[in-house]
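Work through the exercises below with the sequence and the model open. Each task is followed by a solution in steps.

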Amino acid sequence: MSRLKISFIVTAIIVIVIGLIFTLSFNNSFPTTGATVAFVASKVIVTLLFVAGVCYALYSKANTGASATVVGFGILYQFIPLGIRFLVKSSFSHSVAVAWAIILVALALYIVLILGLSFQDKIMVEGDSKAAANEIAVEPEKRLATDDVNKD
């Protein structure tokens, strides 16, 4: 395993640890059991999505941009539980239902992102292989001794 992959894994672990530190450093008392379940579920889901994004980046043959996008969104998704925490602790009515809607929409968007990028990469690889067959090799210019003589 290369140093780059090892440093990538260490960075991913650091991101997960920072997320857990934020989770444990705030007040973890919630007004209802449903609010607690929504917060814990959001934390578990975004952490698993981040781990899935890191695995996708490590093991896929995708372009670097696709992997960086998936991991970048995984890092941004680490802030969703923070928003869920503030939402379920607020006086907003139906906050738990809205929290679950946010969780499910975020989950669906992440899955669509991964599947869409992998499909796009597959199409790009197929296109590259088709275009590679149409290349013409560059040959050195052939000059004849009479080329300069015939110019009038």
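Helices (H or I, at least four residues) and strands (E, at least two) are DSSP runs, numbered from the N terminus. The model is predicted: local features need pLDDT of at least 70, side-chain atom pairs count only at pLDDT 80 or more, and totals for chains, interfaces and linings use all residues. Residues are numbered from 1 along each chain as its sequence is written, and side-chain values use heavy atoms, without hydrogens and water.

**Exercise 1.** List the elements of the protein chain in order.

Solution. Count the elements: the protein chain has five helices and zero strands. Then read from the N terminus, which gives α-α-α-α-α.

**Exercise 2.** Describe how helix 2 and helix 4 pack.

Solution. Step one: take helix 2 (residues 33–59) and helix 4 (residues 80–89); their angle is about 175 degrees and their axes lie 9 Å apart. Axes are lines fitted to C-alpha atoms, for helices over the stretch in contact, and angles run from 0 to 180 degrees between N-to-C directions.
Step two: helix 2 is therefore roughly antiparallel to helix 4 (angles over 145 degrees).
Step three: find the contact residues (heavy atoms within 4.5 Å). Helix 2 contributes Ala35, Ala38, Phe39, Ser42, Lys43 and Val46, and helix 4 contributes Ile80, Pro81, Ile84, Arg85 and Val88.

**Exercise 3.** What share of the protein chain counts as buried?

Solution. Apply the cut-off, under 20% relative accessible area with a 1.4 Å probe and protein chains only. Of the 152 residues, 27% are buried.

Note on methods: Parallel < 35°, antiparallel > 145°, perpendicular 65-115°, else oblique. Buried < 20%, exposed > 50% of the residue type's maximum accessible area, 1.4 Å probe, protein only.
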